[in-house]
Amino acid sequence: MELRRLRYFCAVAEELHFGRAADRLALAQPGLSQQIKALEAELGTALFVRSSRRVSLTEAGAVLYPEARSLLAAADALEARVRAVAAGGAGRLRVH
């Protein structure tokens, strides 16, 4: 499971609209839809109920959403920590 696809999933889950999520992500809507379909295929389940008027989370999507947000927050925090250490701003000093 790719973090990028989880980010896309979360954007759609938060907007409950593929067009607005695509705008927010600066993506074309058909490409976003393809990425969501690929994530659903990878997981073997639908994550959204789609109709011509609305988008909603399936039960599986509702389970995935908070876990995906938590995972993405941890990945963002890890990236920030690694960048800070690489820049010399947040290393550990041990004195024996």
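Me: In what order do the elements of the protein chain run from the N terminus on?

Reply: They run α-α-α-β-β-α, where helices (H or I, at least four residues) and strands (E, at least two) are DSSP runs numbered from the N terminus. The radius of gyration, taken over C-alpha atoms, is 17 Å, well over the 12 Å that the globule rule gives for 96 residues, so the chain is more spread out than a compact globule; that rule is 2.2 Å times the number of residues to the power 0.38.

Me: And what should I know about the source?

Reply: This is a predicted model, in which local features need pLDDT of at least 70 and side-chain atom pairs count only at pLDDT 80 or more, while totals for chains, interfaces and linings use all residues. Residues are numbered from 1 along each chain as its sequence is written, and side-chain values use heavy atoms, with hydrogens and water left out.

Me: OK, α4 next: where does α4 bend?

Reply: α4 bends by about 25° at Tyr-65, with Pro-66 following within four residues; the bend is the angle between axes fitted to the seven residues ending there and the seven starting there.

Me: Which residues of α4 are buried?

Reply: Gly-61, Leu-64, Ala-68 and Leu-72 are buried, meaning under 20% relative accessible area with a 1.4 Å probe, protein chains only.

Me: What covers them?

Reply: The cover includes α1 (3-15), α3 (29-43) and β2 (55-57).

Me: What comes just after α4?

Reply: Gly-88 is found there, with a positive phi of about 80°.

Note on methods:
Buried < 20%, exposed > 50% of the residue type's maximum accessible area, 1.4 Å probe, protein only. Contact = heavy atoms within 4.5 Å.
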